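Reader: Could we go through this structure together? I would like to begin with the metal site.

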Amino acid sequence: MNAPVTETRPSGADEQRNAYDLSRLPTYGFGAKSPMWWGTLGFFAIEGMGFALALGTYLYLLQLNPSWPLAPAPPDHWAGTLNTVLLLASLWPNRVADRNARRQDLGRVRRDLIVMSLVGLASVTLRLYEFTGLGVSWDQNAYGSITWVLLALHLTHLVTDVGDTLVLAALMFTRHATGKRFSDVGDNAFYWYFVVLSWLPIYLAVYWLPRW
Amino acid sequence: MSDAAPLPRDLPRDLRDTDLDGPALSERLARIWGTGRGVIARLSSVDHKVIGRRYIATAFLFLFLGGLTAIVMRLQLARPENGLVGPDTYNQLFTMHGSTMMFLFGVPIGEAMAVYLVPLMVGTRNIAFPRLNAFSYWVYLSGGLFLWISFLLNIGPDVGWFAYVPLSGPEYSPGKRADVWAQMITFTELSGLAVAVEIIVTVLKQRAPGMTLDRIPLFVWALFVNSFIIVFALPAVMLASTFLILDRLIGTQLFNPAEGGDALLFQHLFWFFGHPEVYIIFLPGTAFVSAIIPTFARREIFGYLALVLSLIATGFLSFGLWVHHMFTTGLPQLGAAFFTASSMLIAIPNGLQIFCWIATLWDGRPVWRTPLLFVCGFFFVFVAGGLSGIMLASVPIDTQVHDTYFVVAHFHYVLIGGNVFPLLGAIYYWFPKFTGRLMSERLGRWNFWLVFVGFNVAFFPMHISGLMGMPRRVYTYGPEMGWGDLQMLSTAGALVLFSGFLVFFWNVAASLRRGDIAGPNPWGAGTLEWAAASPPAPQNFDRIPLVTHREPLWAERAGLPVATGLSAAYRELVVTSVAEAEPQLREASPEPSIWPLVAALAVGATFIGSIFTPHAVLWGLPPIAAALTGWFWPKGTPEDEA
Amino acid sequence: MSARRGLVVILVVPLASCNLVQSPLNPVSPQARELLWLFVVFVAVLGAIWLAVMATLALSLRPRRPAGADPLAVDPAYERRAVALVTGLAIVTGLVVLVLTGLSYAGQRRLFGEEQAGITIRVLGHQWWWEVRYEDAAPDRVFTTANEIHVPVGVPVAISLDSTDVIHSFWVPSLMGKQDLIPGRSNAIRFTAERPGVYRGQCAEFCGMQHARMSLLVIADEPAAFARWRDGQVAPRREPASEEARAGEAAFVAAPCALCHQVRGTAAAGRNGPELTHLASRRTLAAGSLPLTRGSLAAWIVDPHGIKPGVNMPLIPLEPDRLNTISAYLAGLE
Ligand code: HEA
Ligand code: HEA
Ligand code: CUA
Ligand SMILES: [Cu+2]
């Protein structure tokens with residue numbers, strides 16, 4: 001009963017024909033060549049979906065409640081606006097870092113990573129100020145809850161990227177600063193684009209929808 | 001093979017697979033790719049086959065535990081006013097049953113089979129991001145154990161597998177039970193998401209040279225599409241469970257209507273995930289069917305393109321149906337009708353799949369082995385369940401049968417028909433690949449008939465119980481309701497079903513030791529995993545196959561052409577382009593590491609701690625950060641620096 | 001109409017021998033009948049499809065290619081025919097679901113329309129009982145009862161549904177499909193009972209520990225009988241008739257019972273539990289947990305948690321004679 005169904009085909013090494021030589025291929029690549037880039041894209045999709053649904057929740061609650069915001073006044077927006085400007089401005093050094101990483105220009109990459117670390121830290125600090133200006137606490141009502149949730153959700157991404165940038169910056173000043181690390185810098189820059197772009201709709205929702 | 005020592009550091013770093021041949025090459029690669037022998041080495045393994053095996057075994061363990069809860073429920077319901085368990089235990093039982101089956105069995109089993117089989121089927125040496133893979137497994141295991149230990153400590157959740165608010169909210173579920181549910185969900189879904197990304201990247205970037213998009217096996221297509229559904233669906237339930245835990249632990253008001261929140265918001269978020277979830281469970285079933293049918297019909301699949309397109313269409317449509325679980329919540333009529341239409345529309349891709357499979361069988365020569373029996377069982381049961389789904393999709397009809405045993409019957413027909421039947425067939429099919437031994441055909445037949453008959457006797461009567469007015473989730477009912485006989489019949493069927501599973505378990509256990517030796521390709525199948533040894537060597541293939549056809553082993557009878565030039569000194573695999581699978585890079589693949597386990601434990605402790613105090617999140621951060629740094633810190637080896 | 005009836009008979013009669021105290025298969029309103037008809041049509045169409053698919057599957061399992069044939073060798077003629085057939089079947093599937101969607105939507109339009117109701121009843125869901133309020137233009141004719149709803153035969157009834165705690169679902173299958181009671185939202189349901197009778201219903205959304213024992217009765221009366229019942233309910237409680245009952249009333253009002261239960265005409269005005277003013281006119285106790293008798297009343301008061309574990313009524317220790325008088329009193333509240 002347990003005999004094989006039909007003849008089995010050999011997969012023996014002896015018969016294998018060598019048809020393709022891989023030995024000349026490079027051992028790392030940038031952008032869409034690199035699996036890590038695709039992995040990062042996958043996580044963007046996941047996190048982007050999370051942001052989209054959280055924003056969806058915001059809009060859902062907004063249309064459900066006859067008045068919005070459920071607070072005496074809309075949130076103070078100076079810190080948020082400043083942060084937005086900072087994040088948008090950081091797109092430029094981020095791009096420079098990406099380019100220098102591709103060129104494997106160690107000196108410049110070191111400089112760029114320091115700049116990006118400082119930008120990240122400044123943005124996190126501003127975010128903490130943003131919370132103080134909301135004028136509503138998270139446990140007061142659903143408006144307060146979803147506003148805090150949106151800011152906090154984005155904050156976790158900021159913190160993750162800053163942490164990553166700091167570690168990479170540290171690595172670049174050690175003997176590990178070679179080859180593959182440059183493509184890591186590229187992936188880190190890619191992530192920063194996502195952090196900045198995902199902020200824009202949140203900024204509009206949190207600060208401008210209540211003023212509408 | 002697995003007794004290889006950890007990577008020997010003294011090998012010449014530029015040794016290539018062209019420098020060696022035959023057994024010398026196999027042995028060398030096995031040493032490089034192998035998992036060491038000690039406890040730490042085993043816990044550090046990043047081999048997709050080792051992890052895949054653990055994943056599969058763990059998913060079956062949870063199927064078994066979920067099955068046990070089902071048996072207790074069935075015994076309780078066998079007679080009216082039965083006193084075997086009280087309402088409190090019963091409510092925990094069905095919550096544990098549903099949550100275990102959906103979150104700890106249903107989603108993971110598809111991913112588990114994918115973790116093992118996809119790299120073999122696409123002809124690569126390991127999954128993409130192997131350490132993340134190890135991490136996902138540990139997260140899954142600890143999340144599942146956490147749920148079950150809580151249950152044994154009598155703080156198991158008792159609010160149903162979809163835990164509707166306000167019942168699960170702070171006011172009506174004091175204590176920790178609902179928190180356990182919410183954190184377990186967030187935690188285990190994390191692992192599901194990570195695996196989905198690994199599979200997507202493996203399929204996109206690590207296919208063997210020449211495996212163009214239209215040569216990807218249907219099995220891989222199904223799990224690839226499935227991974228996309230996971231990526232877009234799971235965030236919704238994570239958000240829902242996070243919102244719930246925030247409402248419960250730090251007093252947010254998201255679901256509290258008195259403070260501007262909304263109870264239906266939870267339902268929308270949950271079912272926006274929940275409906276795709278059922279296809280996340282079904283698509284692996286279609287993957288197994290698509291792999292088994294051509295082999296046992298001795299004919300290549302009919303309608304490859306149509307099958308791929310229906311998978312994709314199912315994926316898209318599945319995000320547009322969630323409201324059909326909420327037809328009785330009083331949503332606007334026209335809106336509800338839209339979801340009737342979209343739900344019924346999904347019959348088209350589903351029907352197309354069924355028709356293509358039957359057309360393949362029609363033109364074939366069936367080989368009557370156990371896997372094919374289970375595929376026939378799948379047709380019988382799943383189509384019936386799909387058609388009862390079409391009944392539920394009608395708003396007016398659903399107002400009568402919603403939340404009755406009719407729905408319970410529907411979803412067991414589709415879940416067990418669409419997932420468990422193909423899965424059992426798949427285990428019979430790939431068991432020789434996993435273990436090198438065939439399972440017993442004689443026991444296989446017993447297994448099939450007991451499961452098939454037991455299943456139908458257990459679940460067909462539930463349609464009628466439902467039509468006789470029996471609601472679901474009741475721990476008992478009065479004798480005057482007239483449901484007793486049918487419920488007794490269901491219980492009897494469930495016991496037969498259970499005995500079928502015992503035969504299965506017996507067959508697995510016995511065949512592991514005494515089964516006939518299989519050889520690489522016992523069924524004469526056509527896809528790449530059958531070109532590897534049974535069980536596969538740690539490196540899967542000594543030389544990377546070059547793919548020239550959708551069924552390479554059928555097309556290349558003289559032996560597969562190969563691509564050479566990868567390192568024989570350290571772990572290296574070939575990265576290819578997305579559409580044409582042109583080789584692009586030779587990339588180093590990570591070495592074993594204990595850090596994924598450490599990271600999973602740190603994350604797990606943080607999640608569990610957060611149930612008791614929100615500060616746990618802060619305490620948890622430093623250990624998590626430390627574990628992640630250990631994980632990613634460069635090892636200073638040339639390939640790492642390359 | 002008669003073809004309709006024929007189909008219904010074929011598919012339902014085998015089941016009708018069963019006990020259908022709470023079943024969509026036993027419709028007594030035009031709404032429930034329409035729902036049954038729709039269901040039967042779906043079963044007939046989809047059942048036929050299932051049989052056809054299974055028959056094709058069975059035929060497909062005959063061996064058609066020679067043993068040992070190359071699995072990659074396919075006959076182009078077969079492929080052409082199969083492509084045409086499969087495409088055709090996919091189109092047929094599309095047409096069938098189009099028709100079914102249309103039928104479903106037409107039914108929905110008819111069933112959930114906003115027709116004028118002759119009487120409006122407000123139902124409030126509680127863990128695990130139903131509060132029932134009869135609205136009226138005259139404030140002194142508004143009254144509250146629990147777990148038992150009387151409706152006049154032939155009059156369109158509208159029931160508005162709200163919840164005080166968690167989500168419940170109102171379902172009396174002989175009269176109409178179900179509808180949820182959701183905190184923060186209002187829903188409604190409409191039906192017209194055609195025949196006098198007692199129709200059982202049950203909460204259909206899991207609502208916690210005693211979801212299983214949250215049933216209700218709808219009693220359809222001839223309009224005259226309904227009016228009599230209503231007048232009786234509007235009135236305050238019936239004066240205790242016996243010495244024992246008088247003592248019972250005093251004990252009831254003095255005991256914690258009065259904190260949760262209302263008996264109109266006495267000082268007991270609690271609102272956490274069911275209104276008891278005309279308790280003895282009801283058929284069951286505690287949302288269908290027990291038939292209502294003096295004995296079961298005593299049993300309930302002595303140990304509500306033994307009968308309905310988790311219930312929101314505490315066990316109140318009473319000396320045997322107080323228990324006796326209270327049960328006697330409550331049993332007399334018709
Ligand atoms: C594997 C899992 C799985 C699958 C595949 C499906 C498939 C379908 N399901 Fe099911 N469903 C569940 C699992 C699944 N379901 C679960 C778990 C629940 C309950 C959750 C809970 O409440 O706990 C549920 C509940 C559920 C409901 C809500 C019921 C309620 O709570 O009141 C509805 C309503 O529309 C529904 C509809 C459908 C439809 C239309 C399909 C369709 O996809 C079916 C399509 C398939 C076919 C139609 C058969 C093949 C086609 C042909 C042979 C062609 C010919 C066909 C025609 C012409 C029609 N399902
Ligand atoms: C994939 C999903 C899945 C599966 C397989 C099953 C399997 C079974 N289910 Fe379940 N069921 C659900 C998903 C599933 N169920 C869900 C989602 C709900 C809703 C929950 C809710 O309302 O919240 C539900 C609810 C549900 C109810 C309704 C409870 C209620 O509403 O009160 C009932 C009642 O009979 C039931 C019965 C059964 C039975 C008898 C089985 C049997 O098929 C079980 C058979 C299996 C075994 C007996 C164990 C198997 C043994 C082995 C695998 C041994 C080999 C193992 C090793 C290697 C260790 N299920
Ligand atoms: Cu109320 Cu279930
Ligand atoms: Cu669904």
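**Metal site, interface and a helix**

Reader: Which residue is the only protein donor of the iron atom of ligand 1?
Author: In this predicted model, that donor is B:His410, through NE2 at 2.2 Å. Donors are N, O and S atoms within 2.8 Å of the metal (3.2 Å for Na, K and Ca), and water is not among the atoms, so sites may look incomplete.

Reader: Where does B:His410 lie?
Author: B:His410 belongs to helix H14 (residues 405–435) of chain B. Helices (H or I, at least four residues) and strands (E, at least two) are DSSP runs, numbered from the N terminus.

Reader: How far apart are that iron atom and the copper ion (ligand 4)?
Author: The iron atom of ligand 1 and the copper ion are 4.5 Å apart.

Reader: Changing topic, what area is buried between chain B and chain C?
Author: About 7400 Å², with carbon and sulfur atoms giving 69%; this is the accessible area (1.4 Å probe) that two parts lose on being put together, summed over both.

Reader: How many salt bridges are there between chain B and chain C?
Author: The count is 5, where a side-chain nitrogen of Lys or Arg lies within 4 Å of a carboxyl oxygen of Asp or Glu. C:Asp70 and B:Arg557 form a salt bridge at 3.9 Å, N to O.

Reader: What conventions apply?
Author: Residues are numbered from 1 along each chain as its sequence is written, while chains are lettered from A and ligands numbered from 1 in the order in which they are written. Local features need pLDDT of at least 70, side-chain atom pairs count only at pLDDT 80 or more, totals for chains, interfaces and linings use all residues, and side-chain values use heavy atoms, leaving out hydrogens and water.
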